[in-house]
Amino acid sequence: MKPIALRLILTTLTASLIILSGCAASRPQEGADPARRQIADVMAPEDKSLLTAYDPWEGYNRWMYNFNARFDRYLFAPAAEGYKRFLPQFMRTGVHNFMRNIREVLNVYNALLQARFRTAGRSTGRFAVNSILGLAGLFDPATEMGMYYQREDFGQTLGVWGVGPGPYFVLPLLGPSTVRDATGIGVDYAVWYYVNLFGYREWASDQFLVWPTLLYAIDTRANISFRYYEMGSIYEYLWIRDLYLEFRKFEIKR
Amino acid sequence: MKFRFSVVAAAMAMASSLAVAADDDYGFPDLDGFAATVIATPKELQPDLSIKGRPFRLRSLTVFPERPVSKYVWYHDKLRYLVFPQKGPAPLIFLIAGTGSSYHGPHMTTLYTAFYLAGFHVVGLPSPTSFPFMMTASSTMVPGVLDDDSRDLYRVMKMAWEQQLSKKLDVTDFYVTGYSLGGAQTGYLMMLDEQEKAFNFKKGLMINPPVSLYNSALLLDSYLRDNITTGTEAQLFWRQLMTAMGEEFANTQGAVNLGPDFLYKVYRNRRPNDQDLATLIGLAFAITAQNMVTVADVMTESGYIVPVGTTARITADVSDYFIVSARTPFRLYFKDLLVPYYQRSDPDITDDDLIQRASLYSIEEFLRTTDKVGVSHNVDDIIMKEGEIDWLVDVMGDRARIWPRGGHCGNMAYRDNVEHMLAFFGASLPEGR
């Protein structure tokens with residue numbers, strides 16, 4: 001990503017956070033009858049709510065969740081669907097293997113920082129085997145040899161060392177996250193930037209329309225079955241928020 | 001978007017006793033009704049239902065052109081349904097999803113792939129109780145009364161056929177099937193078609209239908225509320241569930257698909273009791289009821305949990321409505337939303353009238369005499385009140401196939417069940433599947 005684009009995104013993000021963070025409850029019309037069934041009818045005063053997430057920026061988060069949903073519905077998901085329809089399976093698998101292989105560098109350093117040396121060793125082994133025997137990562141012989149892929153990121157690393165998630169934070173285009181995990185994404189990106197593995201990062205950013213990065217995004221999307229607003233609940237934002245936080249706890253444990 | 005939604009499915013896990021073959025020739029694992037419902041069928045006991053490529057099309061219909069699209073729910077502007085077309089002439093089968101479900105989901109996937117591989121054009125429709133159907137295609141917007149809901153489905157089927165499918169597909173015969181609530185609607189659709197003859201359905205199969213929607217819903221209500229009544233208890237249950245699932249997840253090796261195989265493993269390791277499993281099933285149903293309560297309330301302007309005339313902005317905090325609707329069981333949906341709505345147009349209508357119209361009892365005569373409708377059910381289905389399976393056997397005679405176990409739809413993807421289902425329609429999977 002070009003620095004100028006990054007700055008633009010950060011500015012927009014900060015601005016929208018400030019504008020939208022105040023989160024008004026939905027307001028009935030003046031003079032309307034109150035609802036027949038209210039909180040006091042279903043819940044004793046000392047009882048706990050089912051919603052436990054810390055979400056002080058809910059207004060902004062909801063707006064961004066909805067924005068992401070539109071982006072996904074009209075652009076991102078159709079692109080991924082077209083990709084799946086028109087590129088043969090073996091080519092898509094090659095792309096997927098390749099993208100996972102170059103990401104291995106992030107898995108290794110994070111596993112090391114988490115003091116999970118077996119995971120780090122396995123990821124290093126995978127990288128070596130797949131880069132050489134797997135023809136620069138297009139194939140994945142390592143999995144057949146019993147070395148399975150495990151994704152690690154800096155947000156998980158922070159979590160392993162006891163850093164809490166902080167406020168829930170929906171990122172533009174990337175979706176549900178937290179302040180901790182968003183920081184993690186930034187740190188991972190910086191490492192990715194400076195390591196510049198075999199010059200790949202530099203090469204990719206010089207290509208027409210940065211197509212390798214776009215391909216990475218489409219490959220990622222094509223491998224996630226989640227669809228916005230398909231959960232079947234009008235409260236999808238709240239369910240996804242609480243489930244995302246639970247799922248990150250899973251990932252940190254592993 | 002790293003978040004994988006299948007964690008929801010995984011959260012539907014836990015159960016007891018190691019699965020061993022039972023003393024009969026039915027090879028489905030020896031799980032009780034609750035466990036089978038949660039786990040469903042492990043991969044190695046399913047037939048090979050894999051499909052090459054992506055041979056399906058998502059289509060959409062505007063059912064009520066005069067109904068305005070809600071700004072808050074912009075994404076349900078049309079009714080979407082899924083089509084798996086065959087190349088040449090073939091029979092067409094409509095699939096009806098279960099309570100609260102849209103056109104996708106694990107059970108629907110089983111049906112799509114099985115019928116597609118057996119040579120059918122397959123058309124999958126969401127349940128009238130699902131969020132998208134309520135918004136775009138339900139005439140009442142308070143679903144639950146089977147005759148009205150089935151008329152809504154029939155309208156959608158006719159529109160889909162006349163406006164879209166008839167131009168593309170070469171169809172020999174029409175069939176219909178559905179599971180759970182969609183199974184009960186299948187019975188009604190068969191009767192409706194007998195009168196209107198838009199399709200002349202040759203056969204219809206009801207898979208694990210409730211006999212009385214009201215009885216089944218009360219049972220599902222009780223599974224949650226007999227065990228959990230306060231938010232504190234709910235939090236405790238959720239935390240225990242998540243801790244257990246998290247530990248199992250952390251211990252897994254390799255790529256983890258949080259589907260039946262993972263749940264089966266968790267079940268064998270943890271051996272949760274039936275009370276926990278029942279709570280979990282009740283919780284899943286409560287999420288469906290929560291949505292139905294809220295959407296029906298807003299759409300019919302009933303002022304039940306959301307005051308009439310409330311304008312919700314996309315950024316608004318709706319936590320209060322979330323909590324109130326989460327604690328509104330189906331029983332109250334029926335009593336406080338559905339019945340009053342019907343009484344608006346007919347003040348004399350009673351609870352019992354509507355309970356009757358939400359059951360197969362009101363089409364008993366048709367079910368007894370027709371030879372086109374069959375039923376596939378399980379002895380230990382956890383949504384059935386005592387005596388209801390017997391009633392089905394009495395009414396349907398040898399058109400009823402009752403399996404010794406499988407819970408609620410847990411055995412739908414089991415190979416014997418798939419074989420029986422296809423054979424009912426005179427079809428089978430290709431050799432070697």
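How many residues of chain B are in contact with residues of chain A? In this predicted model, 54 residues of chain B are in contact with 58 residues of chain A.

**The side of chain B that touches chain A**
- Helices H1 (6-11), H8 (231-251), H10 (274-299) and H11 (319-326) of chain B are the elements that each give two or more residues to this side.
- The largest share comes from H8(B), with 8 residues.
- Sorted by class, this side of chain B holds 27 nonpolar, 21 polar and 6 charged residues.

**The largest nonpolar core**
- The largest nonpolar core contains 151 residues, and Leu95(B), Leu125(B) and Ile281(B) have the most contacts inside it.
- H10(B) gives the most to this core, namely 14 residues.
- At least three residues of this core come from each of domain 1 (6-19 + 217-353) and domain 2 (44-212 + 362-424) of chain B.
- Leaving aside residues up to four places away in sequence, Ile281(B) touches Phe34(B), Thr37(B), Val38(B), Leu220(B), Tyr223(B) and Ile382(B).

**Helix H6 of chain B**
- Helix H6 (residues 181-196) of chain B has 16 residues, which at 1.5 Å a residue should span 22 Å; its end C-alpha atoms are 22 Å apart, so the two values agree.
- H6(B) is mostly covered, as 13 of its 16 residues are buried.
- Just after H6(B), Lys197(B) adopts a positive phi of about 55 degrees.

**Confidence in chain A**
- The mean pLDDT of chain A is 88, and 88% of the residues score at least 70.
- Among the elements of chain A, helix H1 (residues 3-20) has the lowest mean pLDDT, 62, whereas helix H7 (residues 154-160) has the highest, 96.

Note on methods
Residues are numbered from 1 along each chain as its sequence is written. Chains are lettered from A and ligands numbered from 1 in the order in which they are written. This is a predicted model: local features need pLDDT of at least 70, side-chain atom pairs count only at pLDDT 80 or more; totals for chains, interfaces and linings use all residues. pLDDT is the predictor's confidence in each residue, from 0 to 100. Helices (H or I, at least four residues) and strands (E, at least two) are DSSP runs, numbered from the N terminus. The expected span of a helix is 1.5 Å times one less than its number of residues. A residue is buried if 20 or more other C-beta atoms lie within 10 Å of its own, exposed if 12 or fewer, and partly exposed in between; C-beta atoms are placed from the backbone. Two residues are in contact if their C-beta atoms, placed from the backbone, lie within 7 Å. Ala, Val, Leu, Ile, Met, Phe, Trp, Tyr, Cys and Pro count as nonpolar, Asp, Glu, Lys and Arg as charged, and the others, Gly among them, as polar. A nonpolar core is a set of buried Ala, Val, Leu, Ile, Met, Phe, Trp, Tyr and Cys residues joined through C-beta atoms within 7 Å. Domain bounds come from an automatic or database domain assignment.
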